[in-house]
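These notebook entries record what I looked up, topic by topic.

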Amino acid sequence: MLDVDSQKPPKGKWSTPPFDPRFPNQNQTRNCYQNFLDYHRCVKRMSRRGKSAQPCEYYFRVFHSLCPRSWVSRPRGRRRPAGGARVEGPVQLSRRPPPPRPPAPPQVQRWTEQIQEGTFAGKI
Amino acid sequence: MAYPFQLGLQDATSPIMEELLHFHDHTLMIVFLISSLILYIISLMLTTKLTHTSTMDAQEVETVWTILPAIILILIALPSLRILYMMDEINNPSLTVKTMGHQWYWSYEYTDYEDLNFDSYMIPTQELKPGELRLLEVDNRVVLPMEMTIRMLISSEDVLHSWAVPSLGLKTDAIPGRLNQTTLMAMRPGLYYGQCSEICGSNHSFMPIVLEMVPLSYFETWSALMV
């Protein structure tokens, strides 16, 4: 690799979550979830003791980098593609009207909303 | 990207893909040698008037054609395992990018610093500009810094998809509810194309992936503009 040192972030600045030996394999689901849990547990316990939650920031940064946004909280207005959403597809041969849509399933709640509503399954 | 009348793999852009390319050459050579030997022996068998009707045993040739294939298999297995372990080496990435598969487009999230996220739809054939590639171009490419180790986290919002970029030797399934990690390292700048590699509905063939590998300064400018 060329000039590895110049690619390291300045000391003290956040770059990206480092390798976590607790989760060495391809499946990083637990890595994201564990850091999410650890952040909320840290915040809860620090606030209970009246201390600043600044040390918990590490866990926040890790799960914020790793977890897909849709798992954590409801999106706040997605970007629409510039050229419109027209997708090329197979030729429609049938002229029958489309079948009636099944009723929409209940919206999947994200973790943050679940915590606020008290329906979060994990132990914080 | 793929080109007309292509016979082999695409040119390698990552060190792992280069290793895989050479391994493929090595293994395919062994396959061709064995196949041509067998074809030659079959042609000999079919074009001789000689016969031998009293064969009792053939200890020597049986020994040879047991030991020799075992050696050949070892000669294939050792480089294969070397590359397998090389893929699993621990590296500390410099950047994390998430990609979520949808029906039928990919969305990308860069959340290490600011919250940058966008959707990447295929450009329909009628809207292609001259020189653009049919069924491969997208409206928003995935811009990434080259020569840096990047952690890609791949998942899906609905059904199974698969995020593949052959030039980098990458193919990782996008499974709803699961976060799959793969490591990306491009050795040179350029555009690298891939397509969804897991059947996901009617427009499965129409959700490509385009990586735009650029120097780090270009990447920083781009991400500042996109946020």
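**Entry: the interface**

I took a salt bridge to be a side-chain nitrogen of Lys or Arg within 4 Å of a carboxyl oxygen of Asp or Glu. With that rule, I found zero salt bridges between chain A and chain B.

I note for the whole notebook that the model is predicted, that local features need pLDDT of at least 70 and side-chain atom pairs pLDDT 80 or more, while totals for chains, interfaces and linings use all residues. Residues are numbered from 1 along each chain as its sequence is written, chains are lettered from A and ligands numbered from 1 in the order in which they are written, and side-chain values use heavy atoms, with hydrogens and water left out.

I then looked up polar contacts, each a pair of N or O atoms within 3.5 Å; within protein, one atom must be able to donate a hydrogen and the other to accept it, and residues adjacent in sequence count only if both atoms are side-chain atoms. Across the interface of chain A and chain B, 19 residue pairs are in polar contact, both residues being at pLDDT 80 or more.

Which elements of chain A give two or more residues to the side that touches chain B? I listed α2, α3 (57–66) and α4 (69–72) of chain A; here helices (H or I, at least four residues) and strands (E, at least two) are DSSP runs, numbered from the N terminus. The largest share of that side, four residues, comes from α3(A). I sorted the residues of the side of chain A that touches chain B into 16 nonpolar, twelve polar and eight charged. In this sorting Ala, Val, Leu, Ile, Met, Phe, Trp, Tyr, Cys and Pro count as nonpolar, Asp, Glu, Lys and Arg as charged, and the others, Gly among them, as polar.

Taking contact as heavy atoms within 4.5 Å, I recorded 36 residues of chain A in contact with 46 residues of chain B. The two chains bury about 3600 Å² between them, 45% of it on carbon and sulfur atoms. This buried area is the accessible area (1.4 Å probe) that two parts lose on being put together, summed over both.

**Entry: chain A as a whole**

I counted five helices and zero strands in chain A. Of its 124 residues, 30% are buried, where buried means under 20% relative accessible area, exposed over 50% and partly exposed in between (1.4 Å probe, protein chains only). Among the contacts in chain A with a separation of 6 or more, 64% join residues 24 or more positions apart.

**Entry: aromatic pairs**

I paired rings of Phe, Tyr and Trp (its six-membered ring) if their centres lie within 6.5 Å; planes under 30 degrees apart count as stacked, over 60 as edge-to-face and the rest as tilted. The structure holds 18 aromatic pairs over all chains. One of them, F36(A) with W111(A), is tilted, at 4.9 Å centre to centre and 50 degrees between the planes. F36(A) lies in helix α2 of chain A and W111(A) in helix α5 (residues 111–117) of chain A, so the pair ties together parts that are 75 residues apart in sequence. Both F36(A) and W111(A) are buried.

In chain B I looked up Y108(B) and F118(B), a tilted pair at 5.8 Å centre to centre with 40 degrees between the planes. Y108(B) sits in strand β2 (residues 105–110) and F118(B) in strand β3 (residues 116–120) of chain B, so this pair ties together parts ten residues apart in sequence. Both Y108(B) and F118(B) are buried.

I also recorded one aromatic cluster, whose members include F36(A), W111(A), Y39(A) and W71(A).

**Entry: individual residues**

Is Q34(A) buried or exposed? Q34(A), in helix α2 (residues 29–48) of chain A, counts as buried at 15% relative accessibility. Not counting residues up to four places away in sequence, Q34(A) touches R22(A), F23(A) and R41(A).

A53(A) is in the loop between α2 and α3 of chain A and is partly exposed, with a relative accessible area of 36%. Leaving aside neighbours within four places in sequence, I found A53(A) in contact with V43(A) and M46(A).

**Entry: backbone of chain B**

The peptide bond from Q103(B) to W104(B) is cis, with omega near 5 degrees. W104(B) is placed in the loop between β1 (95–102) and β2 of chain B.

L135(B) has a positive phi, near 65 degrees, in a residue other than glycine. I located L135(B) in the loop between β3 and β4 (142–145) of chain B, buried at a relative accessible area of 14%. E147(B), also not glycine, has a positive phi near 55 degrees. E147(B) lies in the loop between β4 and β5 (150–156) of chain B and counts as partly exposed at 22% relative accessibility.
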